[in-house]
Amino acid sequence: MKQKIIHEALNGIDAEMVDKVEKLRSAKRPLLSLFIKIGAAAACVSLAALALFGVLKKSPSDSIKPNNSIIGTKIYTGDNSANSDRPESSDKKWEERTVNERYGTLLFNEYQYSSKTSASEGDEIPDGKLADFIGEYDLRGVNMELEGDDKIVYTTGRVFAIDGIKSDCAVAVKFEGYAGNFVYINSAYAAKTLGEFLDAMSLDENMLFGPVDYYYEPDVSVLSAIEYDGVDGKVIRELLHDSRDAKADDINKDTLAASIRISVDIPLLGHRNHSIWLNDEGYLTTNILNSGKIFFIGEERAKQFKEYVINNYQGYELVYPNGSDKEHIDIQEID
């Protein structure tokens, strides 16, 4: 699709509808959701609900509470409203927003790439990580301080490839008159295999791992898990490397049910506390690139990794009452 055609299509969209979609895109994301995002607002809501169902659903095979590996309890007692004074991009006045917050959508490569929703989510791309200059492209924003269709505003940015990242996944944008290189991500990127997905972003080099959580017998009112720190990153990388041939699968309630969550950071893309999920049926799900990607790695491989974590590490039982967050925590050690 040509840029001109994209402009004509966008010019026919009601400004308030675009603003609603922009607000959905920049809304605070639940800690344990899959952050599935697609273009249509209605479909976005339905998939987000499906993702939540998948996280809260009891894993249907042999999920048990491994009492012998628990060394304490962390109860998250805070209320999400405690963070309500932190301004999101959509809540700021136009002049208070950073340039990438103002123009959150890049029209590039026949897709709409999205910027990070807040400048505080991650550092900008350093100049040394910029690769080839691709060209100048249009970016779109919504200025709700204007009236009618004038709310939809455009600017032009210089688009660069990012070292080690396929431009189909993400690019960097420079704006005239502004310092910095800003990340824009294509959530619609789809790989045929897990290996293709890993290679597209050089994830073996760019991915850092945090805690691994094991979820057992969760229900809709209290989500319980064991959090294991210090799980050997080499073992996680081996799991991914051995699963390179895993084929992409469709999103459905069975593939979304999960018992293991691996916390993932990709600093180059501004990704912090993203997820790799494993379920007992052998599906791997991730929200890297801010949308649900699912691959079938096999039941045995998923089970072996879960047992490795449970049998080789000790962790804290996590309890999330409804509405809690990670800002407030009560830690109780086992004597």
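This is a predicted model: local features need pLDDT of at least 70, side-chain atom pairs count only at pLDDT 80 or more; totals for chains, interfaces and linings use all residues.
User: Take R244. Which residue does R244 form a salt bridge with?

Analyst: With D199; the closest N and O atoms are 2.6 Å apart. Next, look at where the partners sit in the chain. R244 is in the loop between α7 (233-242) and β10 (247-248), and D199 is in helix α5 (residues 194-200). The pair links distant parts of the chain, 45 residues apart.

User: How are R244 and D199 classed by accessibility?

Analyst: Partly exposed is the band between buried, under 20%, and exposed, over 50%. R244 has 29% relative accessibility, so R244 counts as partly exposed. D199 is partly exposed too, with a relative accessible area of 46%.

User: Where does D204 lie, and where R237?

Analyst: Start with the contact. D204 and R237 form a salt bridge, with the closest N and O atoms 3.7 Å apart. D204 lies in helix α6 (residues 203-206) and R237 in helix α7, so the pair ties together parts 33 residues apart in sequence. Now accessibility. D204 counts as exposed, at 54%. R237 counts as partly exposed, at 25%.

User: What is the N to O distance for K166 and D168?

Analyst: Their side chains meet in a salt bridge at 3.8 Å, N to O. K166 is partly exposed, with a relative accessible area of 38%. For D168 the value is 28%, again partly exposed.

User: Now the strands. Are the side chains of Y283, L284, T285 and T286 in β13 buried or exposed?

Analyst: Read a strand one face at a time. In strand β13 (residues 283-286), Y283 and T285 are on one side, L284 and T286 on the other. All four are buried, and both faces are covered.

User: In which sense does β13 pair with β12, and with β14?

Analyst: Antiparallel with strand β12 (residues 271-278), over 3 bridges. Antiparallel also with strand β14 (residues 293-296), over 4 bridges. The bridge partner of I276 is T286 in β13. L284 stands opposite F295 in β14.

User: Which residues take a positive phi in the two hairpins?

Analyst: The hairpin of β12 and β13 has 4 residues between the strands, and G282 in the turn has a positive phi of about 95°. The hairpin of β13 and β14 has 6 residues between the strands. There, L289 takes a positive phi near 75°.

Key:
Residues are numbered from 1 along each chain as its sequence is written. Side-chain values use heavy atoms; hydrogens and water are left out. A salt bridge is a side-chain nitrogen of Lys or Arg within 4 Å of a carboxyl oxygen of Asp or Glu. Buried means under 20% relative accessible area, exposed over 50%, partly exposed in between (1.4 Å probe, protein chains only). Two strands pair if DSSP finds at least two bridges between them.
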